[in-house]
Amino acid sequence: MIQAPPQQVFDVLADGWTYSDWVVGTVHVRDVDDAWPRVGSQLHHKAGPWPFSLQDSSTVLLCEPPHRLVLRAGLWPAGEAIVTFTLEPVGGDATRVRIGEDFAAGPLRWVRNKLNDVVLHLRNRETLRRLADIAARQKGTP
């Protein structure tokens with residue numbers, strides 16, 4: 001639960017330059033298309049620790065502000081994932097955010113197991129904590 005209304009949370013998702021601040025594993029945003037987060041626009045990033053960082057991009061597949069954003073997140077040669085952010089208002093001042101992530105292509109698609117699911121769950125929980133910190137600070141929210 002994020003103590004900010006859906007539009008305030010979505011505003012963070014719509015600012016591609018902040019992704020390395022809250023998406024665990026993204027270490028640097030190299031460029032963001034001016035049209036972000038319009039369908040087809042891209043965010044160009046680096047993921048993973050130096051010197052093993054991989055450069056790739058993520059593409060918007062669906063954008064329904066302030067309720068849903070779906071991305072195809074690349075991390076080649078490891079593969080790519082479809083990531084869905086769903087924002088649901090709770091009362092007037094809070095938002096329930098859900099992240100759905102499924103490997104869509106590449107080797108990661110074939111190594112899915114319980115251990116990977118646990119690691120992914122922990123990673124996404126920390127991602128949501130970071131997103132909450134940024135969204136709650138927007139527009140003077142305590």
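Two strands are taken to pair if DSSP finds at least two bridges between them. Helices (H or I, at least four residues) and strands (E, at least two) are themselves DSSP runs, numbered from the N terminus. With these terms in hand, the predicted model shows an open sheet of six strands in the order 1-2-3-4-5-6, with antiparallel pairing. Strand 1 and strand 6 stand at the edges with a single partner strand each, so one side of each has no neighbour in the sheet. On average, neighbouring strands are turned by 25 degrees against each other, direction ignored.

Residues are numbered from 1 along each chain as its sequence is written, and side-chain values use heavy atoms, with hydrogens and water left out. In this predicted model, local features need pLDDT of at least 70 and side-chain atom pairs count only at pLDDT 80 or more, while totals for chains, interfaces and linings use all residues.

The confidence score itself, pLDDT, is the predictor's confidence in each residue, from 0 to 100. The chain averages 88, and 86% of the residues score at least 70. Where pLDDT is low, the predicted coordinates should not be read in detail.

The chain contains three helices and six strands, which follow the pattern α-α-β-β-β-β-β-β-α along the sequence. Of its 142 residues, 39% are buried, where buried means under 20% relative accessible area, exposed over 50%, and partly exposed in between (1.4 Å probe, protein chains only). The accessible surface comes to about 7900 Å², and 56% of that belongs to carbon and sulfur atoms; such areas come from the Shrake-Rupley method with a 1.4 Å probe, and for residues only the protein chains shown count as cover. Contact means heavy atoms within 4.5 Å. Among contacts between residues at least 6 apart in sequence, 38% join residues at least 24 apart.

The sheet can now be followed strand by strand. Strand 1 and strand 2 pair in the antiparallel sense over five bridges, and His28 has Lys46 of strand 2 as its bridge partner. Lys46 also stands opposite Gln55 in strand 3, while His45 is bridged to Asp56 in strand 3. Strand 2 (residues 42–47) and strand 3 (residues 54–64) pair over six bridges. Their hairpin has six residues between the strands, and Gly48 takes a positive phi near 95 degrees there.

Strand 3 is also paired with strand 4, again in the antiparallel sense, over six bridges, and Leu62 faces Val70 of strand 4. The hairpin joining strand 3 to strand 4 runs through three residues. Pro65 lies in the loop between these strands and is partly exposed, with a relative accessible area of 48%. Although Pro65 and Pro37 are 28 residues apart in sequence, their C-alpha atoms are 9.5 Å apart in space. Further along, strand 4 and strand 5 pair over eight antiparallel bridges, with Arg72 opposite Ile82 in strand 5.

Helix 1 lies across strand 3, strand 4, strand 5 and strand 6, running at about 160 degrees to strand 5; axes are lines fitted to C-alpha atoms, for helices over the stretch in contact, and angles run from 0 to 180 degrees between N-to-C directions. Six of the eight residues of helix 1 are buried, so this helix is largely enclosed by the rest of the structure. The buried residues are Pro6, Gln8, Val9, Phe10, Val12 and Leu13.

A nonpolar core is a set of buried Ala, Val, Leu, Ile, Met, Phe, Trp, Tyr and Cys residues joined through side-chain atoms within 4.5 Å. The largest one has 26 residues, of which Leu13, Tyr19, Trp22 and Phe85 touch the most other members. At least two residues of this core come from each of several elements, including helix 1 (6–13), helix 2 (19–22), strand 5 (79–90) and helix 3 (114–137). Trp22 belongs to helix 2 and, at 0% relative accessibility, counts as buried. Leaving out residues up to four places away in sequence, Trp22 touches Val12, Leu13, Phe85, Thr127, Arg130, Leu131 and Ile134. Trp22 and Ala132, 110 residues apart in sequence, are 8.9 Å apart in space from C-alpha to C-alpha. With neighbours within four places in sequence set aside, Phe85 is in contact with residues including Leu13, Trp22, Leu69, Leu71 and Ile99.
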